[in-house]
Amino acid sequence: VFQGRILARRFVGQETRYEVEVKTPYRHRFPLVAREYLWVPNTCGCPPLREGAEYLLMARRHVNYERTLNRILLQDDGYARPWTPREDRLVREAARHC
């Protein structure tokens with residue numbers, strides 16, 4: 001779970017790749033750097049992410065069977081909400097209980 005700002009969007013084959021500036025990592029099981037690529041396995045714009053906007057994102061790490069592909073994946077039903085101070089407060093409160 002992290003707060004990120006969408007810098008760019010690019011369609012690569014049947015997937016969408018977003019360049020994201022990681023603002024605040026809240027909970028992560030794998031290391032995040034200041035800029036990451038976030039992959040969505042479609043080109044329909046689901047979930048809709050606008051360039052320049054900030055979001056609270058819950059993504060997972062995807063490593064293929066051969067371990068040749070390691071990326072951050074936001075699934076169609078993944079959590080992507082526009083970032084607000086309220087979302088920040090809710091995530092910080094939830095982190096205390098988890």
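The legends below describe close-up views of a predicted model.

Residues are numbered from 1 along each chain as its sequence is written. Because the model is predicted, local features need pLDDT of at least 70 and side-chain atom pairs count only at pLDDT 80 or more, whereas totals for chains, interfaces and linings use all residues, and side-chain values use heavy atoms, with hydrogens and water left out.

**View 1**

**View 1. Strand β3 and its two pairings.**
Two strands are said to pair if DSSP finds at least two bridges between them. Strand β2 (residues 15-25) and strand β3 (residues 35-40) run antiparallel and are joined by 6 bridges, with Glu19 standing opposite Tyr37 in β3. β3 is also joined to β6 by 2 bridges, and these two strands run parallel; here Leu38 stands opposite Ile72 in β6, and Trp39 stands opposite Leu73 in β6.

**View 2. The largest pocket.**
The largest pocket has a volume of about 300 Å³, a volume being the space filled by probe spheres set on grid points that are joined across faces, edges and corners. On a 1 Å grid over the protein atoms alone, a pocket is an open set of points where a 1.4 Å probe fits, with protein on both sides within 12 Å along at least five of seven lines, and lining residues have an atom within 4 Å of a point. The lining consists of 18 residues, of which Val1, Phe30, Met58, Ala59 and Arg60 lie nearest the centre of the pocket. β5 (60-63) and β6 (70-73) each supply at least two residues of this lining.

Gln75 is found in the loop between β6 and β7. With a relative accessibility of 33%, Gln75 counts as partly exposed, a class that lies between buried (under 20% relative accessible area) and exposed (over 50%), computed with a 1.4 Å probe on protein chains only. Leaving aside neighbours within four places in sequence, Gln75 is in contact with Pro41, Pro47 and Arg60, contact meaning heavy atoms within 4.5 Å.

Note on methods: Helix = DSSP H or I, 4+ residues; strand = E, 2+ residues; numbered from the N terminus.
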